Amino acid sequence: MREKQNNWQRIEAVIKWANMTTNYFARYIGLARGENLYQIKRGNNGISLDVAERIVAKFPQVDKLWLLTGEGQMFADTRLRGAQIPFYDVDVEQQITGVERLTADSYLVAAPVGECDLAMVYAGRAMGPLVPPGTVVLLKAVEREAIIPGEEYVVVCRKIVTLRIVRTAAKGKYRLVAGNREDFDDIVVDADEIVAVYRVKGKLIVNS
């Protein structure tokens, strides 16, 4: 279960969802200056009822109880509700091993995909048209024993991190298959070389 966001993280989630700077957001909701919000960021103040009501007045989609307490979900409108997935605007194959040191750039809501742990950008080319470069992949950490052959996973090994279709190979081994098999070879890894596995639960392909 994902840890409940603190006061600033909840404010920040709304600011990023609104695609505003902190100072502009402060002025937009009627605060004289952004210092009120920076005090919350520093941990000196909590979210007051006045600030929460100002935010909800401008953004009625946001749930006031969630804003004040962290209970429930960000969006009051049930049509917008769903798990808030922290999105990191970085290359999944380069950064997923250090995700605990990163700060989410924003939060995604994608209810149909079910529970996810995080979202990152796939910048590689090995998956071809199945996962084009620039695709946002929605990921769920799973045990190695839960791998379903033929599904797409980000596989973290001691020497490599890659997004591939995972298939079983010889006993105790997995074959990591590229979507673009013309230009990329399969990779065979020992099961005990795998240190983490993330199932691709969904893909947001942006048409450029």
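# Aromatic rings, a helix face and some polar side chains

Trainee: Which residue lies over the face of Tyr28?

Mentor: A charge counts as sitting over a ring if NZ of Lys or CZ of Arg is within 6 Å of the ring centre and within 35 degrees of the ring normal. At 5.0 Å from the ring centre of Tyr28, the residue over its face is Lys58.

Trainee: At what pLDDT do side-chain atom pairs count in this predicted model?

Mentor: Residues are numbered from 1 along each chain as its sequence is written, and side-chain values use heavy atoms, with hydrogens and water left out. The model is predicted: totals for chains, interfaces and linings use all residues, local features need pLDDT of at least 70, and side-chain atom pairs count only at pLDDT 80 or more.

Trainee: How many aromatic pairs does the structure hold?

Mentor: Rings of Phe, Tyr and Trp (its six-membered ring) pair if their centres lie within 6.5 Å; planes under 30 degrees apart are stacked, over 60 edge-to-face, and the rest tilted. Trp17, Tyr24, Phe25, Tyr28 and Phe59 make up one aromatic cluster. The number of aromatic pairs in the structure is four.

Trainee: How many residues apart are Trp17 and Phe59?

Mentor: These two rings form an edge-to-face pair, 6.0 Å centre to centre with 70° between the planes. Helices (H or I, at least four residues) and strands (E, at least two) are DSSP runs, numbered from the N terminus. Trp17 sits in helix H1 (residues 7-17) and Phe59 in the loop between helix H4 (49-58) and helix H5 (64-69), so the pair links distant parts of the chain, 42 residues apart.

Trainee: Is Phe59 buried or exposed?

Mentor: Buried means under 20% relative accessible area, exposed over 50%, and partly exposed in between (1.4 Å probe, protein chains only). With a relative accessible area of 8%, Phe59 is buried.

Trainee: What is the relative accessibility of Phe25?

Mentor: Phe25 and Phe59 form a stacked pair, 5.8 Å centre to centre with 5° between the planes. Phe25 counts as buried because its relative accessibility is 0%.

Trainee: Within what arc do the buried residues of H4 fall?

Mentor: In H4, the residues Val51, Ala52 and Ile55 are buried. Seen down the helix axis, with directions taken from the axis to the C-beta atoms, the buried residues of H4 line one face because they fall within an arc of 100°.

Trainee: With which side chain does the side chain of Asp50 make a polar contact?

Mentor: Asp50 is found in helix H4 and, at 41% relative accessibility, counts as partly exposed. A polar contact is a pair of N or O atoms within 3.5 Å; within protein, one must be able to donate a hydrogen and the other to accept it, and residues adjacent in sequence count only if both atoms are side-chain atoms. At 2.9 Å, the partner of Asp50 is Arg54.

Trainee: How many disulfides does a search of the whole structure find?

Mentor: A disulfide is a pair of cysteine sulfur atoms within 2.5 Å. Cys116 counts as buried at 6% relative accessibility, and Cys157 counts as buried at 8%. The number of disulfides found in the whole structure is zero.
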